[in-house]
Amino acid sequence: MTSALLPAAREILATLIAFDTTSRNSNLELIGWVEDYLGHHGVSSTRVVSADASKANLYASVGPDAKGGVILSGHSDVVPIDGQDWDSDPWTVTERDGLLHGRGTCDMKGFIALALAAVPLFKDCAKPVHLAFSYDEEVGCLGAPAMIEEMAAKLPSPALAIIGEPTMMKVISGHKGITVHEVEVLGHEAHSSLTHLGLSANMVAVELMHDLAELARKLWEEADPASPFIPPHATLTIGRMEGGTAANILARRAHFVFDLRCPPEVDPEAVLAPFKAKVAALDSEMRGAFPEAGVTITRLSNAPPMTPAGSAEAEAFVRRLTGDNSPSGVVSYAAEAGQFQQAGFPTVICGPGSIEQAHQPNEYLAVDQFARGADFMERLAEALV
């Protein structure tokens, strides 16, 4: 089936990809363009801005002011291209061998482009479609909660939320949660030959990172073999670390960032409790030796998991649109779906493309997946008439 939405969706996708919305940047130019696009179609929208006003979420209702509508949600930010070897301009959609290359084509501007292309269809529906586009999903699902809270308070009760992360248009009913922490160590500088006169922040950081590596191994060893997740256990990885200024100076400062991704039945606070207790003990010991020294742990984000609970009707509805009869699936990545569910919306994940292509150099969305996504939007419009 070749959707009539595809030409418009391709044009919108090219526009969205051209905005460099890497999470470290502002997304306001993209948001402004979407506002103008919706306004051209007679649809008003609402910004929910970040604390420093450098970024914004955007939500809009297309169709009547009525209960029972559908939320279509996607994040506007993308991951960096730094250090990646691309064969084409990451900010230009380039088609090669049936694949649409570009940063964010798969994760997840392809879904956003399809939802926007379907706006003219949604305007004629008997129930509304609520569009919800967030910022800073890629750095811990930080932007969406304020928007979700406002939508829950102001929208006439939607029937479900569809989060368009790449699933090959399969219906996903569960994902892991994620919590991200930063550990900062302050030592006392001295000549590296005189270790008794100083305290190396690097040496303390290495000890703590070793503890986390052992914790990651323990989580792997204690994996539930019946878990539907791949990998089945909670995972812990250190994503960034730095410290010190020279080989012959005891490092004054070191810091590292780690993430912990837990299945719904695993409490991240319980997992990290022994580690946090050690951090507190080390902090006290270090301050006793040098008042300016110490170690702190700061939680940067904490996004909940999604479970199938309460979303059976939503899942059945989306399955009817996709024709997906496969067993219920879960994904190991974190997403904003758990945040929508936590706010009381029955929620599923379903979108074009494969997560295996996300975050990669030469990221792509297959043309046939884009077409399947367009067909889905048309069927959704028909179901809401």
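Modeller: A residue is buried at under 20% relative accessible area, exposed at over 50% and partly exposed in between (1.4 Å probe, protein chains only). Helices (H or I, at least four residues) and strands (E, at least two) are DSSP runs, numbered from the N terminus. This is a predicted model, in which local features need pLDDT of at least 70 and side-chain atom pairs count only at pLDDT 80 or more, while totals for chains, interfaces and linings use all residues. Residues are numbered from 1 along each chain as its sequence is written, and side-chain values use heavy atoms, with hydrogens and water left out.

Biologist: Which residues of H10 are buried?

Modeller: They are Gln369, Phe370, Ala371, Gly373, Ala374, Asp375, Phe376, Met377, Glu378, Leu380 and Ala381. The expected span of a helix is 1.5 Å times one less than its number of residues. For the 17 residues of H10 (367-383) that gives 24 Å, and the end C-alpha atoms are 24 Å apart, so the two agree.

Biologist: How many residues has the largest nonpolar core?

Modeller: In soluble globular proteins, nonpolar side chains tend to be buried together. A nonpolar core is a set of buried Ala, Val, Leu, Ile, Met, Phe, Trp, Tyr and Cys residues joined through side-chain atoms within 4.5 Å. Here the largest has 54 residues, and Leu38, Leu72, Phe122, Leu131 and Met377 have the most contacts inside it. Helix H3 (residues 105-117) supplies the largest share, 8 residues. A second, separate core of 28 residues includes Phe256, Phe258, Phe275 and Val295.

Biologist: What does Leu131 touch?

Modeller: Contact means heavy atoms within 4.5 Å. Leaving aside residues up to four places away in sequence, Leu131 touches Leu38, Leu58, Tyr59, Ala60, Val62, Leu72, Ala115, Leu116 and Val119.

Biologist: How many aromatic pairs are found in the whole structure?

Modeller: A pair of aromatic rings is described by the distance of the centres and the angle of the planes. Rings of Phe, Tyr and Trp (its six-membered ring) pair if their centres lie within 6.5 Å; planes under 30 degrees apart count as stacked, over 60 as edge-to-face and the rest as tilted. The search finds 3 pairs. One of them is Trp33 with Tyr37, stacked because the centres are 5.5 Å apart and the planes at 15°. Both residues lie in helix H2, 4 residues apart, about one turn of the helix. Trp33 is partly exposed at 25% relative accessibility, whereas Tyr37 is buried at 14%.

Biologist: What kind of pair do Phe258 and Phe275 form?

Modeller: The pair is edge-to-face, with 5.9 Å centre to centre and 85° between the planes. Phe258 is in strand E11 (residues 253-262) and Phe275 in helix H7 (residues 268-289), so the pair ties together parts 17 residues apart in sequence. Phe258 and Phe275 are buried.

Biologist: In what order do the strands of the open sheet run?

Modeller: Strands of a sheet pair through backbone hydrogen bonds, either parallel or antiparallel. Two strands count as paired if DSSP finds at least two bridges between them. The 4 strands have the order E10-E11-E9-E12, with antiparallel pairing. E10 (235-243) and E12 (294-303) stand at the edges with a single partner strand each, so one side of each has no neighbour in the sheet. E10 and E11 pair over 8 bridges.

Biologist: Which strands does helix H6 touch?

Modeller: Axes are lines fitted to C-alpha atoms, for helices over the stretch in contact, and angles run from 0 to 180 degrees between N-to-C directions. Helix H6 (residues 201-221) packs on the sheet, touching E9 (177-186), E10, E11 and E12, and makes about 10° with the direction of E11. H7 lies across E9, E10, E11 and E12, at about 155° to E12.
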